[in-house]
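Please open the structure in a viewer and keep the selection panel at hand.

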Amino acid sequence: MRIRTISIRGSGEWNEDALIVRERDGLFGVVDGATSLVPFRAPSGETGGVLAARITAETVMEWPLGPDTGCAELADMLAEANRRQAARMAAAGIDLSRKEALWSAGALVVRVRQNAVDFAQAGDCMLVAGYRDGTYRVLTRDQLAGVDRETLRRWAEAAASGVAGRDLLWQAVLPTIAAGRRLANDGGPGGYALLNGDPAFERHIECGTINRLGLRFLLLMTDGLYIPKADPAKAFDAAETARMVDRMGLEAYAEWLVQYERSDAACVRFPRVKVSDDKTAVLLAFPDGGR
């Protein structure tokens with residue numbers, strides 16, 4: 001198995017993603033932290049998104065693994081990270097009843113075993129498999145796609161109505177973003193799983209297992225690897241990203257994407273809330289066809 005990784009800070013002050021690599025144990029992951037809408041800074045300056053991603057990654061890196069660890073135990077890791085996050089937020093004086101104030105993170109954890117691959121996922125961190133027959137298989141669901149498309153749609157409408165400048169556009173979409181945050185770990189329509197300290201998170205983690213037959217590569221990615229689109233309805237295509245990474249290579253694709261985003265620094269041609277999102281990915285190649 002060959003391993004390639006990237007973790008690139010976007011246009012924000014901090015890289016709120018985290019990377020998980022335990023090569024000896026076949027354990028890998030990506031975490032995408034999200035800053036709370038209620039302003040927060042740790043004493044050393046980190047945002048809540050940085051802390052959420054860090055807590056999740058540290059929990060997974062410290063977890064004792066047995067030889068038969070499967071997807072249920074990977075889900076247990078994320079549940080424990082969520083509990084630790086709740087404790088850290090409470091200690092920091094965060095009001096845990098206000099979802100807009102919570103530190104949060106999406107996450108994907110993968111365990112590669114001799115004949116199988118297990119995964120657990122929450123939020124919009126994605127896992128895509130590529131096979132020797134040339135096909136691609138998206139193994140996770142972007143649980144935030146509907147929420148994010150609504151934000152991008154509102155951003156595009158505001159820009160078209162004459163709102164100019166990213167600061168004013170941000171203010172225009174802020175109520176939409178806040179409404180989306182309130183759907184985290186909600187069991188109703190539009191709800192999605194997110195590590196934010198809410199005990200309900202444990203009911204919404206997704207996990208699964210695939211065999212390794214014919215497997216050529218696995219791509220683990222945060223949503224910063226998506227190609228921005230002019231039409232929000234066409235955004236968030238993980239299979240497209242996997243095809244581009246397969247053709248260009250992980251590092252070259254990330255470099256190309258950053259330049260592509262910079263070509264629209266006003267975020268108008270391709271509606272999005274920041275010029276460049278943080279980009280973290282793990283590319284696992286299986287030259288033996290998954291055996």
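**Before starting**

This is a predicted model, in which local features need pLDDT of at least 70 and side-chain atom pairs count only at pLDDT 80 or more, while totals for chains, interfaces and linings use all residues. Residues are numbered from 1 along each chain as its sequence is written, and side-chain values use heavy atoms, with hydrogens and water left out.

**First stop: α1 and α2**

Select residues 48-62, helix α1, and residues 71-91, helix α2; they pack at an angle of about 135°, with their axes 9 Å apart. Helices are DSSP runs (H or I, at least four residues), as are strands (E, at least two), and both are numbered from the N terminus. Axes are lines fitted to C-alpha atoms, for helices over the stretch in contact, and angles run from 0 to 180 degrees between N-to-C directions. α1 and α2 are therefore oblique to each other; angles under 35 degrees count as roughly parallel, over 145 as roughly antiparallel, 65 to 115 as roughly perpendicular and the rest as oblique. The contact (heavy atoms within 4.5 Å) includes Leu51, Ile55 and Glu62 of α1 and Met77, Arg84 and Arg88 of α2. Its residues divide into seven nonpolar, three polar and four charged. Here Ala, Val, Leu, Ile, Met, Phe, Trp, Tyr, Cys and Pro count as nonpolar, Asp, Glu, Lys and Arg as charged, and the others, Gly among them, as polar.

**Second stop: α3 and α4**

Next select α3 (145-160) and α4 (166-181). Their axes come within 9 Å and cross at roughly 150°, which makes α3 roughly antiparallel to α4. Among the residues that meet are Val147, Arg154 and Trp155 in α3, and Leu169, Trp170 and Ile177 in α4. By class, this contact has nine nonpolar, three polar and three charged residues.

Stay on α3 and select Asp148, which is found in this helix. Which residues does Asp148 contact, leaving aside its neighbours within four places in sequence? They are Asp124 and Phe236. The C-alpha atom of Asp148 is also separated by 8.6 Å from that of Pro232, 84 residues apart along the chain.

Select residues 238-248 for α5 and 250-262 for α6, whose axes come within 7 Å and cross at roughly 115°. Thr241, Met244, Val245 and Met248 in α5 meet Leu250, Ala252, Tyr253 and Trp256 in α6. This contact has seven nonpolar residues, one polar and no charged ones.

On a 1 Å grid over the protein atoms alone, a pocket is an open set of points with protein on both sides within 12 Å along at least five of seven lines, whereas a cavity is a set where a 1.4 Å probe fits but cannot get out; lining residues have an atom within 4 Å of a point. Points are joined across faces, edges and corners, and a volume is the space filled by probe spheres set on them.

The largest pocket has a volume of about 1400 Å³. Select Trp170, Arg181, Val273, Lys274 and Asp277, the closest to its centre of the 47 lining residues. α4 gives the most to this lining, with seven residues. The lining comprises 21 nonpolar, 10 polar and 16 charged residues.

**Last stop: the cavity**

A search of the whole structure finds one cavity of 30 Å³ or more. About 40 Å³ of space lies in the largest cavity. Select Lys99, Leu102, Ser104, Arg181, Ala184, Leu194 and Asn196 to display its lining.
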